[in-house]
Amino acid sequence: MIQIQAFAHKDNHIKHFVLTNNNGICAKITNYGAILTSLTLPLESGEREIVLGFDSLKDYKNKSYLKDYPYFGAIIGRYANRINQGKVRIDGKTIQLPTNHGKHHLHGGYSGFDKRTWDAEIVGKSRLQLSLLSMDGDEDFPGNMKLTVIYELNDENELAIYYSATCDKTSPINLTSHTYFNFTGGEENILNHELQIDSDQILENNTELIPTGKYLDVKHTAFDFRAQKKINQDIKAVENYDNCFVLKTEGKTLKKVAEVYEEKSNISMEVSTDFPGLQLYTGMFINIEGHKKFGPFSGLALETQGYPDAPNQENFSHGFIHPGEVYQHQTRYKFHF
Ligand code: FUC
């Protein structure tokens, strides 16, 4: 079932869409930024909020939130993650994208898809379809890009996100959901959550988190999540995880790639996707004035996506969409509680 609520006082076009399934899971999405603002599970002890978010638009536009902007729950584009110095070569020409993160381009620029008002349409009982036209030159990206993101909540306790896009010029593309999970309902940080990632390698980064083009084996490193372990088990070696894991997804086949479990709540989540990468970010830099529960390590982002800086890396085969192509991916989060 999908219900519509107000989300902003002044803008009638911005709404809150409340998706509920027959088992009592509730997902709230606003068409501002295509943000998943809330996801609750009906535990015996009561409703448990398991994602970081706010319940009004003004909180998402607040200066102190945007200062060290953590992109809570938003759909990120046109290019999630970093592009080295914001430069991309297309057909022999270099285009310069906004360098909104130090010297580099991050998450679509100053006004990415996370700050747009998407068109919303309810499709059937359980699907919310959000559409956006990103014009030629939008944040200096080439081509008119048509996007659809569908959120679906089914009775198998899965929240699915379907991404699709076309573009009339060759453009960089990398879409993701920047949802942060915390199964303790904000009672604790995420360091005691257990995580398993089906990945043998991460992308090696330079000190500015730009890939070097090399792959690093996770074996004997803090990045080895092949067997489930607590996030804090080896985090001291790295301080914070902010790395792209290489997934064993091939082509368009959906594959289970990760699992998160929290012992006290007994909640677990399986993540399945056909994206080639997963950015694990443990949220060390989350810091929002006036919101104590949103501090460092208060949320865990598992961003299924393409590789950072792929348009500039010979070793990485994706990162662009060409005219006539359809970019299509999906990620599914399945809950057990
Ligand atoms: C993730 C990270 C970035 C950034 C952002 C808010 O995507 O890779 O470092 O902090 O989230």
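Guide: Start with tyrosine 180. Leaving out residues up to four places away in sequence, Tyr180 touches Ile50, Val51, Leu52, Pro70, Tyr71, Phe72, Tyr281, Ile286, Gly299, Leu300 and Ala301; here contact means heavy atoms within 4.5 Å. This is a predicted model, in which local features need pLDDT of at least 70 and side-chain atom pairs count only at pLDDT 80 or more, while totals for chains, interfaces and linings use all residues. Residues are numbered from 1 along each chain as its sequence is written, and side-chain values use heavy atoms, with hydrogens and water left out.

Tyrosine 180 belongs to strand 17, residues 180-181. Strands (E, at least two residues) are DSSP runs, numbered from the N terminus. Tyrosine 180 has a relative accessible area of 1%, so it counts as buried. Buried means under 20% relative accessible area, exposed means over 50%, and partly exposed is in between, with a 1.4 Å probe and protein chains only.

The ligand comes next. The residues around the ligand are Tyr69, Tyr71, Arg82, His107, His178, Tyr180, Asp242, Gln279, Tyr281 and Glu303; a residue is near a molecule if one of its heavy atoms lies within 4 Å of it. Taken alone, the ligand exposes 290 Å², and the protein buries 92% of that. Such accessible areas come from the Shrake-Rupley method with a 1.4 Å probe; for residues, only the protein chains shown count as cover.

Aspartate 242 is found in strand 22, which covers residues 242-246. Its relative accessible area is 14%, so aspartate 242 is buried. Apart from neighbours within four places in sequence, aspartate 242 is in contact with Arg82, Asn205, Leu209, Gln279, Leu280 and Tyr281. With glutamine 279 there is a polar contact between the two side chains, at 2.7 Å. A polar contact is a pair of N or O atoms within 3.5 Å; within protein, one must be able to donate a hydrogen and the other to accept it, and residues adjacent in sequence count only if both atoms are side-chain atoms.

Now for the database record. In an unreviewed entry, UniProt lists Asn81, Arg82, His178, Thr179, Tyr180 and Asp242 under "binding site". Of these residues, Asn81, Arg82, His178, Tyr180 and Asp242 are included in the lining of the largest pocket. On a 1 Å grid over the protein atoms alone, a pocket is an open set of points with protein on both sides within 12 Å along at least five of seven lines, and lining residues have an atom within 4 Å of a point. UniProt positions are given in the numbering used here, feature names are shortened, and annotations may be inferred rather than shown by experiment.

The unreviewed UniProt entry also places an "active site" feature at His178 and Glu303. These two are spread over 126 residues of sequence but cluster in space, with a largest C-alpha distance of 6.0 Å. The lining of the largest pocket takes in both His178 and Glu303.

Histidine 178 sits in the loop between strand 16 (176-177) and strand 17. At 3% relative accessibility, histidine 178 counts as buried. Neighbours within four places in sequence aside, its contacts are Pro70, Tyr71, Phe72, Gly73, Ala74, Ile76, His107, Tyr281, Ala301 and Glu303.

Glutamate 303 lies in strand 26, and at 2% relative accessibility glutamate 303 also counts as buried. Beyond its neighbours within four places in sequence, glutamate 303 is in contact with His107, Thr176, Ser177, His178, Gly277, Leu278, Gln279 and Tyr281. The side chains of glutamate 303 and histidine 178 make a polar contact at 3.4 Å.

Note on methods:
On a 1 Å grid over the protein atoms alone, a cavity is a set of points where a 1.4 Å probe fits but cannot get out, and a pocket is an open set with protein on both sides within 12 Å along at least five of seven lines; lining residues have an atom within 4 Å of a point. Helices (H or I, at least four residues) and strands (E, at least two) are DSSP runs, numbered from the N terminus.
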